[in-house]
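Visitor: I have not looked at this one before. Can you walk me through part of it?
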Amino acid sequence: TGLATLDASGARWTTRLNPEGIGGFAHGATGIGWALTRLALADAGSAAERRDWNRLAERAFAYQESLYQPEHGNWLDVRIGAEEDFFTSWCHGSAGVGIGMLDLHRRTGDPAHLDMARRAARACAAEGFGWSHTLCHGDLGLWEFLTSMDFGDLTDLDAEILTGLEQRGPVGGLAREAFSPSLMSGLSGVLHTLLRMHPEATLPNPLLLD
């Protein structure tokens, strides 16, 4: 926690790749705030440490919220050199924000977490499907989040994924034409999600590190 940058906007963490400090779940303040909250909920450490973790998590969520642009209905991606201003991916965009906040709402009942999750779902639905078939930054991450929010008809969401796979074949990670077998940014994630689509599936959601 001593590595956090604290200012009027909240708490963020600088890294070699992102010296400015960023939002988002996989690499930014939202994911760190989520982890700190989960740590406090696990009864780790002392009571004083848990209070500190929760306070710092609240500052991290405040920083993420400072990036929200109501006119765009999404959170600004402040990475230097980012290709777009707004993303709906798990790693850097609203899907990741929503997945983390929905998880915390289910554990704490905090309405602020649910409000952020609902705004994230609207952003994801507005952007829609069609970029790639990955969990990290593609359609499968959107599917995981929107189905967990019961946002839209489940049959329609399943059909979006299956139709895209049938029409284009599975499209992998950032190098879209290159074969990637990985779980988060490759074709293992496609197989995992197709299995999770079964009504009786008990496979974990990898986007919550279950």
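Visitor: Which residues of α5 are buried?
Guide: The buried residues of α5 are Asp139, Leu140, Gly141, Leu142, Trp143, Glu144, Phe145, Leu146 and Thr147. Buried means under 20% relative accessible area (exposed is over 50%, partly exposed in between; 1.4 Å probe, protein chains only). The model is predicted: local features need pLDDT of at least 70, side-chain atom pairs count only at 80 or more, and totals for chains, interfaces and linings use all residues. Residues are numbered from 1 along each chain as its sequence is written, and side-chain values use heavy atoms, without hydrogens or water.

Visitor: How many of the ten residues of α5 is that, then?
Guide: Nine of the ten are buried, so α5 is largely enclosed by the rest of the structure. Helices here are DSSP runs (H or I, at least four residues), numbered from the N terminus.

Visitor: How do α5 and α6 pack?
Guide: Helix α5 (residues 139-148) and helix α6 (residues 154-168) pack at an angle of about 170 degrees, and their axes are 10 Å apart. That makes α5 roughly antiparallel to α6 (an angle over 145 degrees). The axes are lines fitted to C-alpha atoms over the stretch in contact, with angles from 0 to 180 degrees between N-to-C directions.

Visitor: Which residues of α5 and α6 meet there?
Guide: On the α5 side they are Asp139, Leu140, Trp143, Leu146 and Thr147. From α6 come Leu154, Leu157, Asp158, Ile161 and Arg168. Meeting here is contact: heavy atoms within 4.5 Å.

Visitor: What follows α5?
Guide: Asp150 follows α5, and the phi of Asp150 is positive, near 55 degrees.

Visitor: Another pair now. At what angle do α3 and α4 pack?
Guide: At about 150 degrees, with the axes of α3 and helix α4 (residues 111-127) 8 Å apart. That makes α3 roughly antiparallel to α4.

Visitor: And which residues of α3 and α4 meet?
Guide: From α3, the list is Ser94, Ala95, Val97, Gly98, Met101, Leu102, Leu104, His105 and Thr108. From α4, it is Pro111, His113, Leu114, Met116, Ala117, Ala120, Ala123 and Cys124.

Visitor: Take His113. Buried or exposed?
Guide: His113, which is found in helix α4, is buried, with a relative accessible area of 10%.

Visitor: What does His113 touch?
Guide: Leaving out residues up to four places away in sequence, His113 touches Phe61, Met101, Leu104, His105 and Thr108. Among these, Met101, Leu104, His105 and Thr108 are also in the list of α3 residues that meet α4.

Visitor: Where is Asp103?
Guide: Asp103 is in helix α3, which covers residues 94-108. The relative accessible area of Asp103 is 8%, so Asp103 is buried.

Visitor: How many residues apart are Asp103 and Arg38 along the chain?
Guide: They are 65 residues apart along the chain, while their C-alpha atoms are separated by 9.5 Å.

Conventions:
Helix = DSSP H or I, 4+ residues; strand = E, 2+ residues; numbered from the N terminus. Parallel < 35°, antiparallel > 145°, perpendicular 65-115°, else oblique.
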